[in-house]
Amino acid sequence: MPVALTWIPWGDGGILKFCFWWPCELAIERTACYADEEMQGFVHACEQLFLITGQGAAGQTYGTYRPSFEPDVKEKHVSEYPLAHHARKYNLNAAVAILLRSTGDDCVYVLEFFLPILVKESSEQHELVE
């Protein structure tokens with residue numbers, strides 16, 4: 001995987017507890033991210049932008065509690081995925097996101113994994129996601 005990001009709900013007072021009744025901003029937790037050397041610029045771009053509920057695989061997962069799969073993030077419009085331009089720049093294709101909820105403090109984390117760049121065929125992508 002070239003990039004793996006951990007997104008957390010973010011609000012005026014910092015990290016939020018899970019709240020599904022209003023759109024929320026998601027920010028990455030830099031210390032909980034992985035990126036190849038070539039992808040460090042993409043992670044930096046993610047630090048500069050927030051996703052809201054419904055945007056990209058991470059935002060979709062946060063809004064539905066369900067895993068989300070995007071076969072080609074660079075084809076999205078920036079209104080659907082604010083990082084689309086950066087995804088094109090780094091030639092990222094497919095992304096999958098899952099929601100994790102801690103049992104102790106009820107915090108929510110969204111893990112987003114970008115599939116290897118060379119995996120472009122739908123069947124290969126789905127096999128890797130499974």
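These are my notes on a few spots I looked up in this predicted model.

**Aromatic rings.** I began with the ring pairs and found two of them in the structure. F42 and Y90 sit edge-to-face, 6.3 Å centre to centre, with 70° between the planes. F42 is in helix α1 (residues 40–48) and Y90 is in the loop between α3 (84–89) and β7 (95–101), so this pair ties together parts that are 48 residues apart in sequence. I checked the cover too: F42 is buried at 0% relative accessibility, and Y90 is buried at 18%. F42 also pairs edge-to-face with F114, at 5.4 Å centre to centre and 80° between the planes. F114 belongs to strand β8, so here the link joins parts 72 residues apart in sequence. F114 is buried as well, at 0%. I noted F42, Y90 and F114 as one cluster linked by ring pairs.

**T6.** Next I went to strand β1 (residues 3–11), where T6 is found. Is T6 buried or exposed? T6 is buried, because its relative accessible area is 10% and the cut-off for buried is under 20%. A polar atom of its side chain lies 2.6 Å from the backbone oxygen of A32. Beyond its neighbours within four places in sequence, T6 has contacts that include A27, C33 and Y109.

**Y109.** Y109 is partly exposed, with a relative accessible area of 31%. Together with I98 and L100, Y109 makes a nonpolar surface patch of about 220 Å².

**Helix α2.** Last, I listed the buried residues of α2 (residues 56–64): G56, A57, A58, G59, T61 and Y62. Just after α2, Y65 takes a positive phi of about 70°.

Technical notes
Residues are numbered from 1 along each chain as its sequence is written. Side-chain values use heavy atoms; hydrogens and water are left out. Patches are made of residues with over 30% relative accessible area and no salt bridge: like charges are joined within 9 Å, nonpolar side chains (Val, Leu, Ile, Met, Phe, Trp, Tyr) within 5 Å. Accessible areas come from the Shrake-Rupley method with a 1.4 Å probe; for residues, only the protein chains shown count as cover. A salt bridge is a side-chain nitrogen of Lys or Arg within 4 Å of a carboxyl oxygen of Asp or Glu. Buried means under 20% relative accessible area, exposed over 50%, partly exposed in between (1.4 Å probe, protein chains only). Helices (H or I, at least four residues) and strands (E, at least two) are DSSP runs, numbered from the N terminus. A polar contact is a pair of N or O atoms within 3.5 Å; within protein, one must be able to donate a hydrogen and the other to accept it, and residues adjacent in sequence count only if both atoms are side-chain atoms. Contact means heavy atoms within 4.5 Å. Rings of Phe, Tyr and Trp (its six-membered ring) pair if their centres lie within 6.5 Å; planes under 30 degrees apart count as stacked, over 60 as edge-to-face and the rest as tilted.
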